[in-house]
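The following exercises are to be worked through with the sequence and the coordinates at hand. Each task is followed by a solution in steps.

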Amino acid sequence: MLESIDQFHIIDKINRIPRLLILEIIIIIFIINLVFSMIYCNIYKNDPTSFKNVHNLESNKPISFYDFIYFSHTTFYSLGYDIIPQSNISKIVCVIHLKLSFIIMAIYIARILN
């Protein structure tokens, strides 16, 4: 398998990506998701009906900051939701988060390919 991968020089191309660029990508994604986690958490604190947790629909267990960190990452990577935005402001912030993540990923993919 490695021999067939090496035919396309993929391993060489991966090794040529600057380590600082990889670190920059990781830091930027972490910071963006942390900021949006705080925004989501503040929206939820101001209006607890702004988000629903799919797994706790019957219980009144509050959504924690750690849940919003998870939600922020799943939103960034467009993977799907366990937490669902309900209010207009939470939906707007999610859309902004998705648009920003698309732009950032496109920029970094272009930088890696250059």
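**Exercise 1.** Against which elements do the buried residues of α3 pack, and which residues of α3 are buried?

Solution. The model is a predicted one.
- Step 1. The packing partners of the buried α3 residues are β1, α4 and α5.
- Step 2. The buried residues themselves are Leu21, Ile25, Ile29, Ile32, Asn33, Phe36, Ser37, Tyr40, Cys41, Ile43 and Tyr44.
- Step 3. Ile31 belongs to a nonpolar surface patch of about 790 Å², together with Leu20, Leu23, Ile27, Phe30, Leu34, Val35, Met38 and Ile39.

**Exercise 2.** Compare the spans of α3 and α4 with the values expected at 1.5 Å a residue.

Solution. 
- Step 1. For α3, with 28 residues, the distance from first to last C-alpha is 41 Å, close to the expected 40 Å.
- Step 2. For α4, residues 65–76, there are twelve residues and the reach is 16 Å, close to the expected 16 Å.
- Step 3. After α4 comes Ser78, with a positive phi near 55°.

**Exercise 3.** List the buried residues of α4 and state what they pack against.

Solution. 
- Step 1. Phe68, Phe71, Ser72, Thr74, Thr75 and Phe76 are the buried residues of α4.
- Step 2. Their packing partners are α3 (19–46), β1 (51–53), β2 (83–85) and α5.

**Exercise 4.** Classify the ring pair of Phe51 and Phe71, and say which parts of the chain the pair ties together.

Solution. 
- Step 1. A pair of aromatic rings is described by the distance of the centres and the angle of the planes.
- Step 2. The model has ten aromatic pairs.
- Step 3. For Phe51 and Phe71 the centres are 5.6 Å apart and the planes stand at 75°, so the pair is edge-to-face.
- Step 4. Phe51 is in strand β1 and Phe71 in helix α4, so the pair links parts that are 20 residues apart in sequence.
- Step 5. Both Phe51 and Phe71 are buried.
- Step 6. One aromatic cluster contains Phe51 and Phe71 along with Phe36, Tyr40, Tyr44 and Phe68.

**Exercise 5.** Is Ser50 buried or exposed, and is Leu113 buried or exposed?

Solution. 
- Step 1. Ser50 sits in the loop between α3 and β1.
- Step 2. Its relative accessibility is 0%, so Ser50 counts as buried.
- Step 3. Beyond its neighbours within four places in sequence, Ser50 contacts Ile43, Tyr44, Ile84, Pro85, Gln86, Ser87 and Ser90.
- Step 4. Leu113 is part of helix α5, residues 88–113.
- Step 5. Leu113 counts as exposed because its relative accessibility is 70%.
- Step 6. The C-alpha atom of Leu113 is 9.1 Å from that of Lys13, although 100 residues separate the two along the chain.

**Exercise 6.** Describe the whole chain by its elements, contacts and surface.

Solution. 
- Step 1. The protein has five helices and two strands, in the order α-α-α-β-α-β-α from the N terminus.
- Step 2. Buried residues make up 28% of the 114.
- Step 3. Of the contacts between residues at least 6 apart in sequence, 69% join residues at least 24 apart.
- Step 4. The accessible surface is about 8,100 Å², and carbon and sulfur atoms account for 68% of this surface.

Methods
Residues are numbered from 1 along each chain as its sequence is written. This is a predicted model: local features need pLDDT of at least 70, side-chain atom pairs count only at pLDDT 80 or more; totals for chains, interfaces and linings use all residues. Side-chain values use heavy atoms; hydrogens and water are left out. Helices (H or I, at least four residues) and strands (E, at least two) are DSSP runs, numbered from the N terminus. Buried means under 20% relative accessible area, exposed over 50%, partly exposed in between (1.4 Å probe, protein chains only). The expected span of a helix is 1.5 Å times one less than its number of residues. Contact means heavy atoms within 4.5 Å. Patches are made of residues with over 30% relative accessible area and no salt bridge: like charges are joined within 9 Å, nonpolar side chains (Val, Leu, Ile, Met, Phe, Trp, Tyr) within 5 Å. Accessible areas come from the Shrake-Rupley method with a 1.4 Å probe; for residues, only the protein chains shown count as cover. A salt bridge is a side-chain nitrogen of Lys or Arg within 4 Å of a carboxyl oxygen of Asp or Glu. Rings of Phe, Tyr and Trp (its six-membered ring) pair if their centres lie within 6.5 Å; planes under 30 degrees apart count as stacked, over 60 as edge-to-face and the rest as tilted.
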